[in-house]
Amino acid sequence: MGILTSERSGVCRLGISLYPEFASQEDNFAYLRRAAEHGFDVLFLALLGAKGTYEEVVERYLPYTRLAHELGFEIFCDVNPMVLKRLGVGITVMKAFGIDLTFFKELGIDAMRLDLGMSDLEEAALAKNADGIKICINGAAVTDHVGALLSCGAPREALVGCHNYYPHRYTGVSLDYFMRGTEHWAKRGMRLQAFVSSNAPEAFGPWPVTEGLPTLEMHRDLPIEVQLKHFVMMGCVSDVLIGNCFATDDELAAMERANSDRVRFTTRLVDGLPQDMARRLGMNLSVRGDCTSGYMIRTLESRMDPAPVEPFNTVDIERGDVIIDNRLYGQYAGEVQIALAPMKNSGKTNVVGHIDDCEHVLLDYLAAGTRFAFDIVG
């Protein structure tokens, strides 16, 4: 599963984004507090839109970083040459690698997300800064950019990868491209961030276009907890941040619940399901180690219940169906399964429910030993 990087519970660290130029301090502070209550502890604070002089920016943004640190957040900010030049921060010059990060230290920033176009050697030198400020670089590079920085002497603990987010529909990255960039970080077990998107109608980002802010295009219209579950089950992302704001309280709570190594599938039961079969679905289940047929996910624990299972709703089977073998299947009776592909029903298998269609993408990540549960709705 994912890389544990936080003392808080959960598989991934959870984060939010704030755009102080586009919302009031009161609303931003309230959102920070609500997120902290749900176990979020990473903050992406946008500086690209910051207006004013060096002193004015520090004065306006310092209350955010102070509150965030009080609440236990680690703070990332984005920088580019134009903003730094306007603020009089000259890290791109780095005469003899004499790096001055006073601005970021004074502001209380823990990590800089680079959009600077620097060389590998310069970025590696920047990662060795005396102030201990982490350097966040593009996590989607198909070339082994992180490997190049490590070869140049960058401390691995000072490097964080981060995928981008995409406000324009159909511009988010494909799953294949995402994995090609991610593999450079995953093979080294290094920290990597990606974004999910709130579906709140009024959610916004740093640009006029507001069609969501996911990393993966396939996530754009999915419930936010399903986006998170996908990253959790892929096991290669350390931090999952909400790109737009403000996510609703229900979305924050749903992400907190979904951030677990026990995957929870939203499931609707068929009408009239006998109580004994519904009870069997409430067991703590895990995927069998020899589950390799491609047709179904099988479970170990479900056959331990000796109660007989009578034939019920033995219709043909579709992907995402939750099924239980009945007594006509002999020693298999009582086994709870999840269908991965359509199957003809011989009358020996009961179709008892169906996993929400939007979660079918998760089924391909149910590896041997994965723990899961059914969240019954409707």
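Colleague: Why is Glu 335 called buried?

Modeller: In this predicted model, Glu 335 has a relative accessible area of 0%. Buried means under 20%, so Glu 335 qualifies.

Colleague: And what makes Arg 303 and Glu 335 a salt bridge?

Modeller: Their side chains meet with N to O at 2.9 Å. The cut-off is within 4 Å, for a side-chain nitrogen of Lys or Arg and a carboxyl oxygen of Asp or Glu, so this pair of Arg 303 and Glu 335 meets the rule.

Colleague: Which parts of the chain does that pair tie together?

Modeller: Arg 303 sits in the loop between β11 (296-298) and β12 (321-325), while Glu 335 belongs to the loop between β12 and β13 (336-339), so the parts joined are 32 residues apart in sequence.

Colleague: Is Arg 303 buried, exposed or partly exposed?

Modeller: Its relative accessible area is 31%. Exposed starts over 50% and buried is under 20%, so Arg 303 counts as partly exposed.

Colleague: Happy with that! How do you know that Arg 327 forms a salt bridge with Glu 310?

Modeller: The closest N and O atoms of Arg 327 and Glu 310 are 2.7 Å apart, and the limit is 4 Å, so the pair passes. Arg 327 is in the loop between β12 and β13, and Glu 310 in the loop between β11 and β12, 17 residues apart.

Colleague: Why are Arg 327 and Glu 310 called partly exposed?

Modeller: Arg 327 has a relative accessible area of 45%, and Glu 310 has 40%.

Colleague: What about Glu 74 and Arg 191: how far apart in sequence are the parts they tie together?

Modeller: Those side chains form a salt bridge at 2.7 Å, N to O. Glu 74 lies in strand β3 (residues 74-79) and Arg 191 in the loop between α7 (175-186) and β7 (192-196), so the joined parts are 117 residues apart in sequence. Both Glu 74 and Arg 191 are buried.

How values were computed:
Residues are numbered from 1 along each chain as its sequence is written. This is a predicted model: local features need pLDDT of at least 70, side-chain atom pairs count only at pLDDT 80 or more; totals for chains, interfaces and linings use all residues. Side-chain values use heavy atoms; hydrogens and water are left out. Helices (H or I, at least four residues) and strands (E, at least two) are DSSP runs, numbered from the N terminus. Buried means under 20% relative accessible area, exposed over 50%, partly exposed in between (1.4 Å probe, protein chains only).
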